[in-house]
Amino acid sequence: VRDGKFREDLFFRINVFPVYLPPLRERSDDILPLARFFLKKFCGEMGKRTPDLDHDAERILLSESWRGNVRELQNTIERAIILLQGDTLTGVDLAHVTGSGMFGGAIGTSANNSEFQIPASGFNLEHHEKSLLMQALDRSGSNKSRAAKLLGISRATLRYRLEKFGILSNEMDADLVEV
């Protein structure tokens with residue numbers, strides 16, 4: 001109002017009783033009840049059985065910053081339900097939809113405490129990357145959008161990596177589902 005960017009009369013109409021609601025990241029006690037509420041809501045809408053949350057899924061939900069507040073949590077749960085295959089929402093399932101990382105950090109809390117550790121004998125990143133791409137395509141029914149979401153990458157990045165490994169030939173590309 002002071003800067004002239006908001007009408008004074010409108011401000012006084014809506015400012016009857018100001019309510020301060022801290023961001024979700026400051027209300028960690030609300031995260032799991034909200035997540036369970038959204039699980040039940042979306043499963044009901046989609047005609048699915050409401051899944052359990054495993055311990056790793058709860059840890060991921062509590063460790064996210066939720067910059068988009070409740071709306072981001074809601075969208076994350078909805079994406080997870082759409083992609084969910086089993087009866088339990090796991091940390092791995094959530095890592096795919098939150099973008100918590102493909103090669104570690106998804107369940108652990110830091111690079112030193114991640115689920116994946118490079119073996120002393122070494123690690124062939126290209127071999128495993130190609131394997132993960134193939135698994136994502138298989139799990140998604142060759143739907144590139146869903147495969148990209150499973151890997152926490154964009155469709156453009158997925159397409160680039162498929163081409164890089166020669167997975168995306170013209171005849172195979174015709175079999176992949178565009179969404």
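This is a predicted model: local features need pLDDT of at least 70, side-chain atom pairs count only at pLDDT 80 or more; totals for chains, interfaces and linings use all residues.
1. Two residues are said to be in contact when heavy atoms of each lie within 4.5 Å. Setting aside neighbours within four places in sequence, Leu61 is in contact with Ile31, Leu32, Ala35, Leu53, Trp66, Leu73, Ile77 and Leu94.

2. Leu61 also belongs to the largest nonpolar core, which holds 36 residues. Within this core, Leu61, Leu73, Ile77, Leu94 and Leu158 touch the most other members. At least two residues of the core come from each of α2, α3, α4, α5, α6, α7 and α8 (155–164). The greatest contribution is that of α2, with seven residues. As a general remark, nonpolar side chains tend to be buried together in soluble globular proteins.

3. How far apart should the ends of helix α4 (residues 69–83) be? At 1.5 Å a residue, its 15 residues should span 21 Å, and the end C-alpha atoms are 22 Å apart, so the model agrees with the expectation.

4. The buried residues of α4 are Leu73, Thr76, Ile77, Ala80, Ile81 and Leu83. They pack against the helices α2 (28–46), α3 (55–63), α5 (91–98), α6 (125–139) and α7 (144–151), and also against β2 (88–89).

5. The structure contains three aromatic pairs. One of them joins Phe11 and Phe12: the ring centres are 5.3 Å apart and the planes stand at 70°, so this pair is edge-to-face. Phe11 counts as partly exposed because its relative accessibility is 30%.

6. Phe38 and Phe42 form an aromatic pair that is stacked, with 6.2 Å from centre to centre and 25° between the planes. Both residues lie in helix α2, where they are four residues apart, about one turn of the helix. Phe38 and Phe42 are both buried. Ring pairs also bring in Phe37, linking Phe37, Phe38 and Phe42 into a cluster.

7. The mean pLDDT of the protein is 81, and 81% of the residues score at least 70. Among the elements, α2 has the highest mean pLDDT (95), whereas helix α9 (residues 170–175) has the lowest (47).

8. Which stretches have a pLDDT below 50? Over residues 101–114 the pLDDT is below 50, and this stretch has 25 contacts in the model beyond near neighbours in sequence. For residues 169–174 the pLDDT likewise stays under 50, and the model has five contacts beyond four places in sequence.

Note on methods
Residues are numbered from 1 along each chain as its sequence is written. Side-chain values use heavy atoms; hydrogens and water are left out. The expected span of a helix is 1.5 Å times one less than its number of residues. Buried means under 20% relative accessible area, exposed over 50%, partly exposed in between (1.4 Å probe, protein chains only). Rings of Phe, Tyr and Trp (its six-membered ring) pair if their centres lie within 6.5 Å; planes under 30 degrees apart count as stacked, over 60 as edge-to-face and the rest as tilted. A nonpolar core is a set of buried Ala, Val, Leu, Ile, Met, Phe, Trp, Tyr and Cys residues joined through side-chain atoms within 4.5 Å. pLDDT is the predictor's confidence in each residue, from 0 to 100.
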